[in-house]
Structure formats: structure tokens, C-alpha cells
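Here is a short report on one protein chain. Keep the sequence and the 3D view side by side as you read.

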Amino acid sequence: MASYDISDQDTSDDVDVNIFDRARDQVSGDMSKMFDAAVFAGTNAPTGWPVGGIATHATSAANNVAIGTGADIYDDILGETSTGVTGVFGKVEADGFEVSAVAGAISMKSRLRGLRDSNGNPIFNKVPGQGMAYELDGVPCVFPKHGGFPSAAQNLIVGDFSNSVWAMR
């Protein structure tokens, strides 16, 4: 991995600018983007990681639901229909896990805003007093802006993120 922070000589000479803080923010952002791309999509992942990342692994285990499978996006995410179509939350729960988080493509936010339960209540909401924090049916959602989330093929990755283990050395 390489990350560059370009500063001109005038900036370097000005002690009013903390170059380390500036570089640290850039490097941590770059690391986050690369880590997400490796975990979610397998992009530049180390040898031994599941090829294609979490997204491909979930699909190969039939733990995915394509948008349009159910009657609407609500069913695709949360529903269980009389024909046996289970939403993606149900797929996680069927394996004995609680959905603790949702990671999504920014393009999904507009599709989620109109979702309502059977009583007409919105299920995708901003968390009051927490800026840009969102919840989907009470579960925290993140929408990475750095470009590390897989494109088009995966709109949401849903799971029990408490079982995730990260390590840096």
C-alpha cells in the first residue's frame, strides 16, 4: 500500500502547519479505503483471504438476496413472503446470528428513504442528534464515502459485525 501527501516547500517551512497531522489523516483515510475494499470485495486482499471478499463469500453460500426478488425492497431486506422468499436480514438470522450492522453503497440511501413498514412508519432513519448516523429497522448503517465499498453488484452488506476480527501489525 502506498499513500502520498504532497506538500510544497513553503508549506513545509511554515511551522504553523502541522504536516504530521495532515499526513496522518490522509494515510488513515487511504488505509480505511483499502481495508474496506479488501474485506468487502477482496480487492488487493492478502493471500488466504476468501477470494472476492465477504460479498462473494456470502453469494456463494446463498446468503444473498437480489433486489427485485421480493415484492419490493422492503421484502428484499426484511421480509419473509408466503412463497418462502426471505429478506437478507432473515438469511443472517437463519444462520443463528443477529444483524448488528449494515454497510451500504451511497447510492442505496435514496432507495432506502422511502421504505415503510406495514403501518406506514419509515424503517430507514437518521439517528437524532448524531449527524449523519443512520439506522435501518433499528440497526446501525454506514455508507463509506472513500470509494472502498464494492460497486453495483452489492448494494448492502448485512451481518453480525460483532463477530468481525480486525488486526493491524
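## Elements along the chain

Helices (H or I, at least four residues) and strands (E, at least two) are DSSP runs, numbered from the N terminus. From the N terminus on, the order in the protein chain is α-α-α-α-α-β-α-β-β-β-β. That comes to 6 helices and 5 strands.

This is a predicted model; local features need pLDDT of at least 70, side-chain atom pairs count only at pLDDT 80 or more, and totals for chains, interfaces and linings use all residues. Residues are numbered from 1 along each chain as its sequence is written, and side-chain values use heavy atoms, with hydrogens and water left out.

## The sheet

Two strands pair if DSSP finds at least two bridges between them. Here 5 strands form an open sheet in the order 2-3-4-1-5, with mixed pairing. Strand 2 (124-126) and strand 5 (156-159) stand at the edges with a single partner strand each, so one side of each has no neighbour in the sheet. On average, neighbouring strands of this sheet are turned by 30° against each other, direction ignored. For such angles, axes are lines fitted to C-alpha atoms (for helices over the stretch in contact), and angles run from 0 to 180 degrees between N-to-C directions.

Now look at the pairs. Strand 2 and strand 3 (residues 134-136) run antiparallel and are joined by 3 bridges. Phe124 stands opposite Leu136 there. Strand 1 and strand 5 are also antiparallel, over 4 bridges, and Gly104 has Leu156 as its bridge partner in strand 5. Strand 1 runs parallel to strand 4 (residues 139-142), with 2 bridges. In that pair, Val102 is partnered by Cys141.

## Buried and exposed

Buried means under 20% relative accessible area, exposed over 50%, and partly exposed in between (1.4 Å probe, protein chains only). Of the 169 residues of the protein chain, 31% count as buried. In a regular strand the side chains alternate between the two faces of the sheet. In strand 1 (residues 101-104), Ala101 and Ala103 point one way and Val102 and Gly104 the other; all are buried.

Is Lys109 buried or exposed? Lys109 counts as buried, because its relative accessibility is 12%. Lys109 sits in helix 6 (residues 109-112). Contact means heavy atoms within 4.5 Å. Not counting residues up to four places away in sequence, Lys109 touches Phe124, Met132, Tyr134 and Phe143.

Ala41, in helix 2 (residues 19-41), counts as partly exposed because its relative accessibility is 26%. Ala41 and Phe149 are 108 residues apart in sequence, yet 7.5 Å apart in space, C-alpha to C-alpha.

## The nonpolar cores

A nonpolar core is a set of buried Ala, Val, Leu, Ile, Met, Phe, Trp, Tyr and Cys residues joined through side-chain atoms within 4.5 Å. The largest one has 21 residues, and those with the most contacts inside it are Ile77, Phe89, Val102, Leu112, Leu136, Leu156 and Val158. At least two residues each come from helix 4 (73-77), helix 5 (88-94), strand 3, strand 4 and strand 5. Helix 5 gives the most to this core, with 3 residues. Another core, of 7 residues, lies apart from it; among its members are Val39, Phe40, Ala55 and Ala105.

Which residues does Leu112 touch, not counting those up to four places away in sequence? They are Ile77, Phe124, Leu136, Phe143 and Leu156.
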